[in-house]
Amino acid sequence: MKRVGICAVAQTTYERNKWHQRFQGMALEVLEQLLAATGLDFSEDGGINTTVSCSDDVFDARTISDNAMTDVLGAHFRCEEKVAQEGLQAVYYAAATILSGHTDVVLVMGHAKESQSASRNMITHLAFDPYYTRPVGLDFLAAAGLQARAYGLRSKISEEQLARIVVRARENAAKNDRIQDLAQVTAEEVMASELLADPIRDLHTYPVSDGCVGMILASEERAKTLTDNPVWITGTGNCIDSFFLGDRDYAGNFPLQKAAERAYKRAGITDPAKAFDVAEISDQYAYQLPMWAEGLSLCPENAGPAYMDALGKNHGPAVNPSGGMLAGNPLLLGGLVRAAECALQLKGEAGGRQVPDAKRALAHGVMGPAGQFHSVMVLERD
Amino acid sequence: MKKNRNVGIVGVGQSVYSSHREEVNQPEMIHEAVVEALEHAGITMDDVDCVVHGNMELFEMVHQPDLWHVLGTGAWGKETLRVTTGGTTGATLACAADNLVASGLHDVVMAIGFEKLQEGHTTGGITNMADPLWARQLQTGALTGMTAADMITEFGEERAKKASMIYRIIMDEHAMLNKKAHRRLGLTMDQGDDLAKTSPALVGELRMIHMCSQSDGACVMIFASEEKAKEIRKGRRIAWFKDHITAHREEMFVLFGDAPVFTTHRYAAQKLFERNGIKDPVEEIDVFEMYDPSSWWGSDWLREFLLFDGDEALKLIENEEIRITGKFPVNPSGGVIASNPIGATAMVRVAEAALQVMGEAGDHQIPKDVHQALASGFGGTLWTVLMLLTDEPPH
């Protein structure tokens with residue numbers, strides 16, 4: 001495929017409760033950084049001519065949640081379209097609008113404030129159909145509990161291994177200046193934390209967070225004029241599985257394998273285990289990091305737990321140097337933040353969490369109960 | 001900018017539109033339209049690479065409903081995208097499908113717009129779009145009487161009321177030709193004066209009879225690359241996606257009191273016509289499927305889309321030139337006033353325009369060759385999506 005360049009990336013900090021900022025304030029903070037980095041504006045002649053936003057009506061409690069954002073997303077008589085799906089999909093769609101030849105510079109902006117709702121489970125409960133599965137009380141946490149149990153039986157992952165994943169995520173997060181107020185924990189604390197949906201414990205779970213992330217995408221020609229170190233999107237792929245949990249093999253990785261296959265094929269990657277310097281994986285719960293690593297073919301099936309133990313000692317990519325979702329990114333923006341982190345790594349702008357000489361990176365997003373939908377992206381630099 | 005490759009519309013499917021589709025759930029209702037679109041194109045789900053889905057979550061209170069709807073959309077194992085932009089959603093879905101095919105990432109993309117408004121509270125859902133601190137107390141859902149008041153001020157009460165009623169009755173005549181339309185009332189021109197007085201008032205002179213419905217329904221369109229489109233349609237006419245433009249604007253409808261508002265409709269039309277060399281839209285465009293939420297807005301917006309000043313658009317209505325047999329047919333399907341499943345509504349405009357180009361609109365096919373068709377979507381705070389379809393590969 002032709003190349004689309006990520007020219008600039010900006011993020012607010014991710015915090016438990018940004019009570020002092022509305023959605024628009026968070027977006028303005030990000031937008032101003034992006035405009036300063038690229039020198040772009042919203043002029044008709046060569047400016048940003050399309051915005052792809054990402055937010056969710058239920059999380060925002062606003063019908064047409066992007067309606068509130070148009071003022072700060074430059075949508076004055078301009079094209080603005082909202083991806084109401086996992087955030088990495090906004091990057092995929094923005095890249096498609098450029099590849100179509102319809103536009104050449106796109107602003108991508110995603111926001112979410114999870115602190116506004118009493119419980120995220122209340123929101124994800126609404127993703128279930130009102131006839132059969134909602135009355136049972138399912139939400140994404142409960143569905144993940146079922147999957148964690150099934151994956152545990154298959155991979156034999158231990159409580160200690162799960163705890164080490166959380167400890168490591170928080171150690172990495174300490175080097176990430178975008179993550180605020182996240183305490184370091186010990187493996188013992190993780191193993192002693194409250195059970196939320198057996199076997200998922202409180203500290204296995206991605207923390208509630210508020211934040212906003214944006215990037216500027218451009219066609220290859222424009223990207224080279226907007227930045228010295230563009231990051232190229234060379235492969236995308238996604239896949240949706242069936243809906244009812246009983247219809248699915250949720251101990252397996254069918255939709256993720258499909259999504260990854262598509263992205264690798266478009267990027268011309270044949271040996272994914274050796275292809276990447278960085279992999280940013282959306283781990284909403286600790287069990288997901290080894291499970292998705294298997295699905296992404298970074299390691300063989302059932303080797304996920306051992307792969308996690310060997311991180312840093314094997315020859316694979318640096319996995320979640322940002323801390324991952326376990327360090328706290330909003331559910332909706334998981335994959336979008338992963339792509340932003342990959343882009344920062346490839347641009348050499350990742351600060352304290354920089355992986356030396358990173359050339360190719362893998363970003364992953366997930367949505368739906370027990371990983372029903374996955375999205376994968378390959379990013380590279382020259 | 002040059003489009004990467006041509007995109008053709010190869011199939012259209014619509015569920016029946018009705019106030020209550022209680023016999024089907026959401027995925028089942030979508031499935032009706034999916035099956036019809038596949039049959040219309042003459043392909044199976046195996047030929048579809050990507051499924052694009054959209055609606056407004058708070059109308060039915062289902063979070064990311066594409067996850068559940070996979071039971072009816074046929075998207076299992078495929079690539080998907082979910083895009084929503086309020087009332088414009090359906091048109092945005094068509095633009096997204098066009099972008100995805102033109103990008104070269106996918107050869108065949110299915111776009112699905114749906115809403116089951118019966119399952120929620122539509123006016124409550126729309127009121128919820130307003131800022132909770134500043135505007136929600138003032139919002140009356142989609143009901144705004146401002147345009148009626150403005151038109152009465154500009155053209156006088158008698159003329160304005162008469163024109164909007166002629167518009168309304170012509171739309172109903174069209175809906176009577178479309179078996180899928182939700183409201184088919186069988187109105188006749190001699191009822192106009194009476195209806196203008198007796199129909200229940202909603203806001204000022206915006207009355208029940210002027211206003212669009214709340215409907216349940218789904219619309220599906222299938223888009224394909226030029227090569228695939230020709231292969232699929234086997235010599236049948238193809239509606240080509242020539243160009244599209246989206247213009248959004250700020251959150252507030254009116255910021256500066258009585259200052260004249262430059263509408264996104266006019267802006268989008270100016271840009272689109274300029275880009276495609278259209279000098280006289282009434283002459284050069286054969287049919288217009290317009291997102292007309294009420295007969296007041298329909299009458300007023302014709303002026304914006306056709307770049308008229310003064311009362312030229314009003315004359316078009318008064319002379320009944322917007323009828324299916326007229327000089328400039330508007331909404332031969334009956335338009336939004338007849339059927340309004342919000343997440344699908346704007347796509348129905350594109351789908352109906354495509355059917356006209358294909359010559360396959362059935363009883364409401366306009367009685368002349370359609371070479372060029374215009375379709376509009378409306379949503380948010382006066383947002384516009386405008387698109388141009390043609391009967392020849394455009395690029």
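This is a predicted model: local features need pLDDT of at least 70, side-chain atom pairs count only at pLDDT 80 or more; totals for chains, interfaces and linings use all residues.
View 1. On the side of helix 1 of chain B, the residues taking part are Q26(B), P27(B), E28(B), I30(B), H31(B) and V34(B), and they meet W68(B), H69(B), L71(B), G72(B) and T73(B) of helix 3 of chain B. Sorted by class, this contact comprises five nonpolar, five polar and one charged residues.

**View 2. Chain B touches chain A through 51 of its residues.** These are in contact with 51 residues of chain A. Several elements of chain B give two or more residues to this side, among them helix 3 (66–73), strand 8 (239–247) and helix 10 (264–275), while helix 4 of chain B gives the most, with five residues. The residues on the side of chain B that touches chain A divide into 21 nonpolar, 20 polar and 10 charged.

**View 3. Chain A holds 13 helices and 12 strands.** Its radius of gyration is 19 Å, close to the 21 Å that the globule rule gives for 382 residues, so chain A is as compact as a globular protein of that length. Along the principal axes, the C-alpha atoms of chain A fill a box of roughly 60 × 45 × 40 Å. Of the 382 residues of chain A, 64% count as buried.

Terms used: Residues are numbered from 1 along each chain as its sequence is written. Chains are lettered from A and ligands numbered from 1 in the order in which they are written. Two residues are in contact if their C-beta atoms, placed from the backbone, lie within 7 Å. Helices (H or I, at least four residues) and strands (E, at least two) are DSSP runs, numbered from the N terminus. Ala, Val, Leu, Ile, Met, Phe, Trp, Tyr, Cys and Pro count as nonpolar, Asp, Glu, Lys and Arg as charged, and the others, Gly among them, as polar. The radius of gyration is taken over C-alpha atoms; the globule rule is 2.2 Å times the number of residues to the power 0.38. A residue is buried if 20 or more other C-beta atoms lie within 10 Å of its own, exposed if 12 or fewer, and partly exposed in between; C-beta atoms are placed from the backbone.
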